[in-house]
Amino acid sequence: MNVPLVVLLKEVRESLRDRRTLINALITGPLIAPLMFVMILNVVISRQLGQAEGPLELPVIGASYAPNLLEALRQQGFAPQPPVADPIAAVRARDAVAVLRIPADFGKSWEQGDPAQVELYYDASRRDEQQPVNRLKQMLERYSRLNGAMRLVARGLSPALSTPVVVAERDQSTPRSRAGALFSILPYFFVLTVFIGGMYLAIDLTAGERERQSLEPLFVNPVARWRILLGKIGAICIFSVMSLLICVTAFTVAGRLIPTEKLGMDLSLGPLFALEVLVLMLPLVLLLAALQTLVAAFSRSYREAQTYLGILMLVPALPSVLLSVLPVKTVPWMYAVPLLGQQVGITELIMGGAVTMAEVATCLLCGFAVAALTLAVTASVYGSERLAISA
Amino acid sequence: MIQVENLRKAFGKVRAVDGVSFTARDGEITGLLGPNGAGKTTTLRMLYTLMRPDAGRVLVDGIDAAADPLAVRRRLGVLPDARGLYKRLSARENIDYFAALQGVPGAEGARRREALIEVLEMRDFADRRAEGYSQGQRVKTAIARALVHDPRNVLLDEPTNGLDVMATRRMREFMRALRAEGRCVLFSSHIMQEVAQLCDRIVVIARGRVVAEESPEALRRQTGESNLEDAFVKIIGSGEGLAA
Ligand SMILES: Nc1ncnc2c1ncn2[C@@H]1O[C@H](COP(=O)(O)OP(=O)(O)OP(=O)(O)O)[C@@H](O)[C@H]1O
Ligand SMILES: [Mg+2]
């Protein structure tokens, strides 16, 4: 029988008997990400909905100085909360997202027709909490504009005089692209799943085998080591592809559990999307299997391999993080870089854009070329004398 | 037949094997005797091509190990120093895996496997997973998988290591049976009684060099000692590291 196949079948069979490998490859690895994702998205979405539609609750200091203003705000959905002693401390300590303070001379300035000041305490560096602040600002703005207009009218002037420029906003985001912004972390989850799905096998089949002293007897058999390596890589790939399949399927299901329609988004995480993701990820499956085996071959023990791979696991996050911090335009060469290619390709798919055949071909070709190169390096390390010596 | 000519291997400054030559013939048991660290394991590793010699030559049935390592490994059955089993596979499955890697056809492999399980008295545990095997059960399984392809030449690195008295006796009988089948048996040991009882030829190694290559009787004659233990001590030059 064909040697790589013999090795592959034996490794798969043995790994299927290992509960830890199974749990990691088939449950934790592929399901944690979708689960976390659904939970996070649900929280984010319901918070955004809550912030946008629910009553706006913020502490107000000096509410009695401006009863009319407060009443107008109330009509816009503002629910004033009891005052706090120190607005600055309250915002710093995150006791309040923002605090509105009305000075004692508010009424006097108003009577005299001077700009009457109110103070809004908040922290602009907390980017996720700006929505309530902006809502309150808009309410105040509206009140100010309305009263300004009324004053002009009272003096017989047209309110239009005070607004020489009007901005009409034309938001070009579509429901799908708005969903994409939320989903741009998804490609990393897929890479991570492939990584975790194969990791325990990769460690076990090389570092583990050496530690358990069975690599030396294995290499005594009259077969070239690269053929043994191919079998092992094949077994790793089978597990990581299984992980990926489960993960992609879970996301397809999860897509239905996310109340995206409430945000006016629509997602197409259907079977076609799953298939396209799978194809784009194939080179990474091989590349990661070869890379993990290479690391395992260099490590002196199982634990050492685990440590190194734990660090290596963070590398695929780089493109995701970089692209979400510096959103750059997708350019063709990006498809030629493994990891980056998958990142932009899958993001594009989620955003409802199309990935052309040429782009897919570039991604696959370059990915497999890099994977083959890594495999060659791994094979040469596998051929080295010291690999088999356990002691 | 195994011919070793002037083998050398150094690890940094340590000259583990420093010009070892000997011949192990078919139908004979050859013992590689030496104290700990003498270079026995390293010599054997070069024989089964796990390590490349710095100098010297290994011929197995006339085939140069450097020129055709795969052909050499096909002619060898090896119980290496490292004898790890696959713990999640049974003894039978462990043996089958090696039979497949040796390219033994399925039916032939199964026949050989069952014969070895019989001879080595492995029936009781052959279908149990190797997790939790006793030392003796592990050695038996390792030997069975090493011999499943019916090799002409058998290399055993300290085969009785960790075995109790009864298991050791049976191991010796097994090695005699291999000799009776006309195979070339080469094993290493630091136990002189064992070597004396079993071997047709003894190759004594100390500090990486062959210090004697004789039959047990010739060794005794040469040193003029009637007691074998005294003979070895005299040859090696000190009593260091040798267990009775
Ligand atoms: N992979 C290695 N790296 C470095 N030194 C080594 C290596 N293998 C063996 N040595 C050294 O070479 C010398 C011979 O070792 P070897 O294992 O061949 O001895 P041995 O005769 O088998 O001893 P023992 O009876 O203890 O098994 C020792 O000094 C050992 O420390
Ligand atoms: Mg040894």
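1. K9(B) is buried, with a relative accessible area of 7%. Here buried means under 20% relative accessible area, exposed over 50%, and partly exposed in between, with a 1.4 Å probe and protein chains only. K9(B) forms a salt bridge with E385(A), and the closest N and O atoms are 2.7 Å apart. A salt bridge is a side-chain nitrogen of Lys or Arg within 4 Å of a carboxyl oxygen of Asp or Glu. The pair crosses between chains: K9(B) sits in strand 1 (residues 2-11) of chain B, and E385(A) in the segment after helix 15 of chain A. E385(A) is partly exposed, at a relative accessible area of 22%. Helices (H or I, at least four residues) and strands (E, at least two) are DSSP runs, numbered from the N terminus.

2. A word on the basis. This is a predicted model, in which local features need pLDDT of at least 70 and side-chain atom pairs count only at pLDDT 80 or more, while totals for chains, interfaces and linings use all residues. Residues are numbered from 1 along each chain as its sequence is written, chains are lettered from A and ligands numbered from 1 in the order in which they are written, and side-chain values use heavy atoms, with hydrogens and water left out.

3. Next, the interface. Chain B and chain A bury about 2,800 Å² between them, and 56% of that is on carbon and sulfur atoms. Buried area is the accessible area (1.4 Å probe) that two parts lose on being put together, summed over both. L50(B), R88(B) and L101(B) supply 27% of the area that chain B buries against chain A, more than any other three residues. The contact takes 29 residues from chain B and 28 residues from chain A. Contact means heavy atoms within 4.5 Å.

4. Polar links across the interface deserve a look. Six salt bridges are counted between chain B and chain A. There are also 16 residue pairs in polar contact between chain B and chain A, both residues at pLDDT 80 or more. A polar contact is a pair of N or O atoms within 3.5 Å; within protein, one must be able to donate a hydrogen and the other to accept it, and residues adjacent in sequence count only if both atoms are side-chain atoms. Helix 2 (69-74) and helix 3 (91-101) of chain B are the elements that give two or more residues to the side of chain B that touches chain A. The largest share of that side, five residues, comes from helix 3 of chain B.

5. The side chains of R113(B) and D96(B) meet in a salt bridge (2.8 Å, N to O). This pair links distant parts of the chain, 17 residues apart: R113(B) is in helix 4 (residues 106-119) and D96(B) in helix 3 of chain B. R113(B) is buried, at a relative accessible area of 14%. D96(B) is partly exposed, at 31%.

6. Helix 4 of chain B holds another pair. R111(B) and E108(B) meet in a salt bridge through their side chains (3.4 Å, N to O). Both lie in helix 4 of chain B, three residues apart, about one turn of the helix. R111(B) counts as exposed, with 52% relative accessibility.

7. Finally, chain A. L365(A) lies in helix 15 (residues 357-382) of chain A. L365(A) counts as exposed, at 66% relative accessibility.
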